[in-house]
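Please keep the sequence and the structure in view while reading.

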Amino acid sequence: MRTLTGITPSGALHIGNYFGAMRPAIEAQTGGDCFYFIANYHSMTSVTDAAERRTHTLGVALDWLACGLDPKTSVFWRQSDVPEVTELTWLIGSLTPMGLLERAHSYKDKTAKGISPNFGLFAYPVLMAADILLFDTQRVPVGRDQRQHLEMTRDIAIKFNETYGETLVVPEAQIRDDVATIPGLDGQKMSKSYGNTIEIFGDEKAMRKKIMGIVMDSRTPAEPKPDADKNLAIQFLRLLAPAEVAADYETRLRAGGLGYGDLKKGLFEHYWNYFAAARARRAELAANLDHVESVLRDGAARARNVAAKVLARARQASGLE
Ligand code: ADP
Ligand code: TRP
């Protein structure tokens, strides 16, 4: 089973990225045949500062490796090191109906917010489809926000196969219900673009301040809270603390007697400990950037091998060769 996923380097990665995409991807490594990449071409629709793109790209590389991506088992690369993907984008883009792209949430949401769309933003689902189809991918672990893009990818692959004969593998999304949409500090979906994130590797003082600053209601500590399961800190504890610890916090909050300050303190401690080992690994990696660069280059060479074969098939099928 070939698994593939990508993350856009448009800001520091957060626990929504971690639980929605990275952890399932890392767990899939036990079955082998995993392809993971840093989607730096995708970042071009939102980031226009070259230095910023480089910084985020390196940050995502460090985050993935620190969190357990094993470059010996998995193929790990920077998207732009395999430029074949842009050629496949053209081949499949020429078969993609405008109407399909006009219905994309990613495009509709951004234009609704007043962002004036460029060609890249409009064409983004086609590039994403090419990312997936270029590697004969079968399974794509993502958060729920990407479901529509996966459906579009399937439609595009089917259309290509109907037009030019069986060429591309039709992939499936892997969306885990329990972590499909991690809420942000404001209760909306956690996202780099909403400024409501808990970073995986934030600075200790800043993160403590962020977590202690989560806004709750004005009920006194003594008051019972029948809606304890909806409490944001409880929802985060369910991800970051052992199940029985999270359940205990929830019971105490429900019964009354547990103050929000103590609850948030507990949350911070569990958050900080959850990523402690990964944080130490990240610091080691950051002190050895030549190694990180060689991991990415080696990954690109392996990815390119597969990409070249699939692209050759698509060129042949469509009469370019
Ligand atoms: P962001 O919205 O922060 O820019 P990306 O679009 O780069 O995040 O998402 C990278 C991966 O992380 C995707 O698979 C996406 O579905 C997943 N993801 C992002 N935010 C969340 C969230 N709040 N809950 C679950 N998964 C998420
Ligand atoms: N579009 C995805 C996101 O914003 C990132 C991404 C790009 C991706 N190409 C991909 C995810 C291919 C899975 C497969 O989250």
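How do the residues of the lining of the largest pocket divide into nonpolar, polar and charged? The lining comprises 18 nonpolar, 20 polar and 8 charged residues. The model is a predicted one.

## The largest pocket

Helix 6 provides the largest share, with 5 residues.

A probe the size of a water molecule, rolled over the atoms, shows where empty space is left. In this model, the space taken by ligand 1 is the largest pocket, and the space taken by ligand 2 is likewise the largest pocket.

## The surroundings of ligand 1

Ligand 1 is surrounded by 18 residues, of which H14, G143, D145, I182 and K192 are the closest. By class, this shell contains 6 nonpolar, 9 polar and 3 charged residues.

Several polar contacts involve oxygen atoms of ligand 1. The backbone takes part through G143, where an N or O atom lies 2.7 Å from an oxygen atom of the ligand. A backbone N or O atom of K192 also lies 2.7 Å from an oxygen atom of ligand 1. From N17, by contrast, a polar side-chain atom lies 3.1 Å from an oxygen atom of ligand 1. On its own, ligand 1 has 540 Å² of accessible area, and the protein covers 92% of that area.

## The surroundings of ligand 2

The shell around ligand 2 consists of 14 residues, the closest being G6, Y124, M128, D131 and Q146. Divided by class, there are 8 nonpolar, 5 polar and 1 charged residues in this shell.

Polar contacts with ligand 2 are made by side chains of three of these closest residues, Y124, D131 and Q146. An N or O atom in the side chain of Y124 is 2.6 Å from a nitrogen atom of ligand 2. For D131, a side-chain N or O atom is 2.7 Å from a nitrogen atom of the ligand. Q146 places a polar side-chain atom 3.1 Å from an oxygen atom of ligand 2. The protein covers 87% of the 370 Å² of accessible area that ligand 2 has on its own. Strand 1 (3–7) and helix 6 (119–133) are the elements that give two or more residues to the shell, and helix 6 gives the most, with 4 residues.

## The second largest pocket

The second largest pocket has a volume of about 340 Å³. Among its 16 lining residues, T89, F119, A123, V126 and L127 lie nearest the centre. The lining divides into 9 nonpolar and 7 polar residues, with no charged residues.

Which elements each supply at least two residues of this lining? They are helix 3 (84–93) and helix 6. The greatest contribution is that of helix 6, with 7 residues.

## The role of helix 6 in the linings

Definitions and conventions: Residues numbered from 1 in each chain as written. Chains lettered and ligands numbered in written order. Predicted model: local features only at pLDDT ≥ 70, side-chain atom pairs only at ≥ 80, totals over all residues. Heavy atoms only, no water. Near = heavy atom within 4 Å. Polar contact = N/O pair within 3.5 Å; in protein donor to acceptor, adjacent residues only side chain to side chain. Areas by Shrake-Rupley, 256 points an atom, 1.4 Å probe, with all protein chains shown as cover. 1 Å grid on protein atoms, 1.4 Å probe; cavity = no way out; pocket = protein on both sides within 12 Å on 5 of 7 lines; lining within 4 Å. Sits in = over half its atoms within 2 Å of the grid points. Nonpolar A, V, L, I, M, F, W, Y, C, P; charged D, E, K, R; others polar. Points joined across faces, edges and corners; volume = space filled by probe spheres on them.
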